[in-house]
Amino acid sequence: MRKNRGFTLIELLVVIAIIAILAAILFPVFARAREAARKATCISNVKQITLACIMYAQDYDEVLPSAVGDDNDGTAHPVDPADFNQCIDDLETKYTPVEDGRYMWQLADVLLPYVKSLDLFQCPTLSRRDDGYLIQTVLMPDTHPLIPGVRKVTVSGSYIYMCMHHPQGGATELAGPCDYGVGSFAIWDIAALLGYIDVNDDPSEYYACGQAVGNFDDPVWAPLVCCDSFGVHEGYSDDYTDDHVVPPELGGDPPTITIATPVGFTDGHVKYWRGSFYQTIALMSQPNEIE
C-alpha cells in the first residue's frame, strides 16, 4: 500500500516563489486598471459639470456662472458680480458674515440644481489622496435671506472653474489688482512672461467665468472646467506651477513633465488633455476674442 507524503520543502518554496512572481506581475496591472476606472470617472465628472454650466447659461440669458478665484479652486461665487475687482481677502470679509445676507457661493452650490449630486465635484484619485479635495457642507440657517435652509459647500472639491478675475502680482512681480503669491493664478503670470497675454489686459477677456456664450470666438478651444490633477492620473506630481513659474528664457528651470488632465470646453465637449507644459499654458490662457 502506497504511503501518502506531504510536499517537500523545496516544492513548497517553488510554489511560493511562483505565487510571488505572479503577484509582482499582476498587482501593478490591477493598480493601473483601478486608476483607469478612476480616470474614467473623473472624465465623466468633468463632462457633467461642463454640461451643467451650459444648462445654467441657458437659464440665465446665455451667461456662464460668475466666480472669483479662491485659493486653488477658482470657484468661490459672489452674489454681486460688481465685486470681481476686489481681492479675495476683502471678499471673504464681506461675504462670510451674515450682516447683509451675502455669502461666497461655490460653483457646486450654483450647479447643484443641475447635477443633483455633490459627488461629481470630487475626483476619485485626488480625494482619496488628500482630504482637501473632498466636498464639505454646512447647513445654512433658516433665516438666510436668499436661500433659506440650504446646504452650503465650504470646500469646492477637485475641479477648477476657469476664472481669472484676479491676476496676481506674486513671485514673478507682475501687475495685478491683488498680490496672492504663487497659487491658482500662476498660469496667468507664466502666460504673461511667455508673451501669450498682456498682463495689463482686462482679465474678463480670458477664461470662461461670467462670460456670455456668444463672446467666445472659438468655444471649441475655450477651457471651462478642468480637474486639478495635472498629471496625478498618469502617476506623477501636479505641482508643475511651483517648479516652473519662471520660464527658461527668463532664467527659470525648463519644464520636464507632460501635463495630463480632463478639460471641459465651452462648447460642451470634454477632452483628456495631454500636452507639454507650454502647450497647456497656451491652452489655458486663450483670449475670448471679445469684439
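What pLDDT does the protein chain average, and what share of the residues score at least 70? In this predicted model, the chain averages 75, and 64% of the residues reach at least 70.

View 1. A friendly word of care: where pLDDT is low, the predicted coordinates should not be read in detail.

**View 2. Four strands form an open antiparallel sheet in the order 5-6-7-8.** Strand 5 (159-161) and strand 8 (270-276) are the edges, each pairing on one side only. From one strand to the next, the twist averages 35°. Look next at strand 5 and strand 6 (residues 223-227), which are joined in the antiparallel sense over 3 bridges; here Tyr159 has Cys227 of strand 6 as its bridge partner.

**View 3. Helix 1 (residues 9-59) packs on the sheet.** Helix 1 touches strand 5, strand 6, strand 7 (258-265) and strand 8, and its direction makes about 150° with that of strand 6. The charged end of Lys39 sits over the ring of Tyr272, 4.4 Å from the ring centre.

**View 4. The model holds 4 aromatic pairs.** Tyr56 and Tyr60 are stacked, because their ring centres are 4.4 Å apart and their planes lie at 20°. Tyr56 is buried at 12% relative accessibility, whereas Tyr60 is partly exposed at 46%. Ring pairs link these two residues and Tyr114 into a cluster.

**View 5. Phe277 and Tyr278 make a tilted pair.** Their ring centres are 5.8 Å apart, with planes at 55°. Phe277 is buried, with a relative accessible area of 3%; Tyr278, at 24%, is partly exposed.

How values were computed:
Residues are numbered from 1 along each chain as its sequence is written. This is a predicted model: local features need pLDDT of at least 70, side-chain atom pairs count only at pLDDT 80 or more; totals for chains, interfaces and linings use all residues. Side-chain values use heavy atoms; hydrogens and water are left out. Two strands pair if DSSP finds at least two bridges between them. Helices (H or I, at least four residues) and strands (E, at least two) are DSSP runs, numbered from the N terminus. Axes are lines fitted to C-alpha atoms, for helices over the stretch in contact, and angles run from 0 to 180 degrees between N-to-C directions. Contact means heavy atoms within 4.5 Å. pLDDT is the predictor's confidence in each residue, from 0 to 100. Rings of Phe, Tyr and Trp (its six-membered ring) pair if their centres lie within 6.5 Å; planes under 30 degrees apart count as stacked, over 60 as edge-to-face and the rest as tilted. Buried means under 20% relative accessible area, exposed over 50%, partly exposed in between (1.4 Å probe, protein chains only). A charge sits over a ring if NZ of Lys or CZ of Arg is within 6 Å of the ring centre and within 35 degrees of the ring normal.
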